[in-house]
Amino acid sequence: MSATETVTRITAENVATIFPDVDTSLAHEVFPTASTTAAREGNELEGYDEEQVRLMDEVCIVLDDDDKPIGSASKKTCHIMENINRGLLHRAFSVFLFDSNKRLLLQQRAAEKITFPNMWTNTCCSHPLGIPGETGAELDAAILGVKRAAQRKLEQELGIPPEQVPLEKFEFFTRIHYKAPSDGKWGEHEIDYILFIQADVDLNVNPNEVRDAKYVSEEELKQMFQEPGLIFTPWFKLICDTMLFEWWSQLGSPSLDKYKGETGIRRM
């Protein structure tokens, strides 16, 4: 977060005034659906892949700076850089899936993606939706919601059957609050829940979401970072630079437990 930027603190009281596209009913436990076509209004999405445009109708959970849900808005609204620069913040998750050999599954985002296309990243990165089962105001409920969302997206993006990634196998580590532009129009401003899971899974990659996928060791990932032709998502690079390799080195050891379940939010 830039120390020189000044934005109005977004709260449940002012969010709808500043961002008229935000539906504050979520904060009152009235859950909207993703059936709206509001995301397709305007011309911001002209020229993009039809399926990815459709997914911009999905309803993200709008947050205050303390990770409390204060409303919901379309994925499009949440990812427009103009809104991000004015403080609009939403909930997300990042899954790190390791196989029994402790290799991390990476994906390269598809060229069709509207934000951060063709970039390498962790196994799965997406959003819990403003729907029953994926929301939550208190931390325990929010963690359960992002685990359900993670299971849903692992199947949608990588074809991993839900029974191979049961909810109880996901481990929550921490939350990071970060902001990053994708280009001049789109970006991310998220409180991102970091989840680990160790499982041997079957892949059936969705090419509209994932261009490539592969398992890497710690050393192989470090070598990838040295290759000038490869580009990585900003959240993945942040996590790698600050936390991942320390945690990864303890995978399968009881000493990993001390890193799990942080209650604070890391401001990046």
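Select Cys 78. This residue is buried, with a relative accessible area of 0%. Buried means under 20% relative accessible area, exposed over 50%, and partly exposed in between, using a 1.4 Å probe and protein chains only. You are looking at a predicted model, where local features need pLDDT of at least 70, side-chain atom pairs count only at pLDDT 80 or more, and totals for chains, interfaces and linings use all residues. Residues are numbered from 1 along each chain as its sequence is written, and side-chain values use heavy atoms, leaving out hydrogens and water.

For Cys 60, the nearest cysteine sulfur is that of Cys 78, 4.6 Å away. For Cys 78, the nearest is that of Cys 60.

**Aromatic pairs**

The model has 16 aromatic pairs. Rings of Phe, Tyr and Trp (its six-membered ring) pair if their centres lie within 6.5 Å; planes under 30 degrees apart count as stacked, over 60 as edge-to-face and the rest as tilted.

Select Phe 172 and Tyr 193. Their ring centres are 5.6 Å apart and their planes stand at 45°, so this pair is tilted. Phe 172 lies in strand E7 (residues 171-181) and Tyr 193 in strand E8, so the pair ties together parts that are 21 residues apart in sequence. Strands (E, at least two residues) and helices (H or I, at least four) are DSSP runs, numbered from the N terminus. Phe 172 and Tyr 193 are both buried.

Go next to Phe 245 and Trp 248. Here the ring centres are 6.0 Å apart and the planes are at 15°, so the pair is stacked. The two residues are 3 apart in helix H7 (residues 234-248), about one helical turn. An α-helix has 3.6 residues a turn, so residues three or four places apart point the same way. Phe 245 is buried at 17% relative accessibility, and Trp 248 is buried at 2%.

Then show the lysines. The charged end of Lys 222 sits over the ring of Phe 245, 4.9 Å from its centre. A charge sits over a ring if NZ of Lys or CZ of Arg is within 6 Å of the ring centre and within 35 degrees of the ring normal. Lys 237 has its charged end over the ring of Phe 225, 4.8 Å from the centre.

**Helix H6**

Select residues 218-225, helix H6; its buried residues are Leu 221, Met 224 and Phe 225. They cover an arc of only 105° around the axis, which puts them on the same side of H6. That arc is taken from the directions from the helix axis to the C-beta atoms. These buried residues pack against strand E4 (104-109), strand E5 (120-121), E9 and H7.

**The loop between E8 and E9**

Pick Asp 200, in the loop between strand E8 (187-198) and strand E9 (210-216). Its side chain reaches the backbone nitrogen of Ser 100 at 2.9 Å. Phe 98 is 102 residues away in sequence, yet 7.7 Å away in space, C-alpha to C-alpha.

Finish at Asn 208, in the loop between E8 and E9. At 16% relative accessibility, Asn 208 is buried.

How values were computed: A polar contact is a pair of N or O atoms within 3.5 Å; within protein, one must be able to donate a hydrogen and the other to accept it, and residues adjacent in sequence count only if both atoms are side-chain atoms. A disulfide is a pair of cysteine sulfur atoms within 2.5 Å. Contact means heavy atoms within 4.5 Å.
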